[in-house]
Amino acid sequence: MSISQVQVALSRELLSKDLEPLERDFYRRALRGVREAKNSGDSVTAELLLRSLRLLFLLRVQKALHMISE
């Protein structure tokens, strides 16, 4: 998965008050992209992908918890 696909998902999530749908294997494919970037020696892309994924995941958890608390 490319960094642009993760950035689009993150942007959509940031701009919406609701949880945005993700493909079923989104995180699996994104982590595969991190591994591929690391294996090819592109540590900058790997780190950017990983940080974006963490932010997306935490944002989604926060939204889910907010929905549960309401």
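Predicted model: local features only at pLDDT ≥ 70, side-chain atom pairs only at ≥ 80, totals over all residues.
Which residues form the largest nonpolar core?

View 1. Residues are numbered from 1 along each chain as its sequence is written, and side-chain values use heavy atoms, with hydrogens and water left out. The largest nonpolar core has 12 residues, namely Met 1, Val 6, Ala 9, Leu 10, Phe 26, Ala 30, Val 34, Ala 37, Ala 46, Leu 49, Leu 53 and Leu 56. At least two residues of this core come from each of helix H1 (3-15), H2 and H3.

**View 2. The packing of helices H2 and H3.** Helix H2 (residues 26-39) packs with helix H3 (residues 43-69) at an angle of about 160 degrees, their axes lying 7 Å apart. That makes H2 roughly antiparallel to H3 (an angle over 145 degrees). The residues of the contact (heavy atoms within 4.5 Å) of H2 with H3 divide into 12 nonpolar, three polar and two charged.

View 3. Leu 49, which has its place in helix H3, counts as buried because its relative accessibility is 1% (buried means under 20% relative accessible area, with a 1.4 Å probe and protein chains only). Leaving aside neighbours within four places in sequence, Leu 49 is in contact with Met 1, Ser 2, Ile 3, Val 6, Gly 33 and Val 34. Although Leu 49 and Ser 2 are 47 residues apart along the chain, their C-alpha atoms are separated by 8.2 Å.

Notes
Axes fitted to C-alpha atoms, helices over the stretch in contact; angles between N-to-C directions. Helix = DSSP H or I, 4+ residues; strand = E, 2+ residues; numbered from the N terminus. Parallel < 35°, antiparallel > 145°, perpendicular 65-115°, else oblique. Nonpolar A, V, L, I, M, F, W, Y, C, P; charged D, E, K, R; others polar. Core = buried A, V, L, I, M, F, W, Y, C linked by side-chain atoms within 4.5 Å. Buried < 20%, exposed > 50% of the residue type's maximum accessible area, 1.4 Å probe, protein only.
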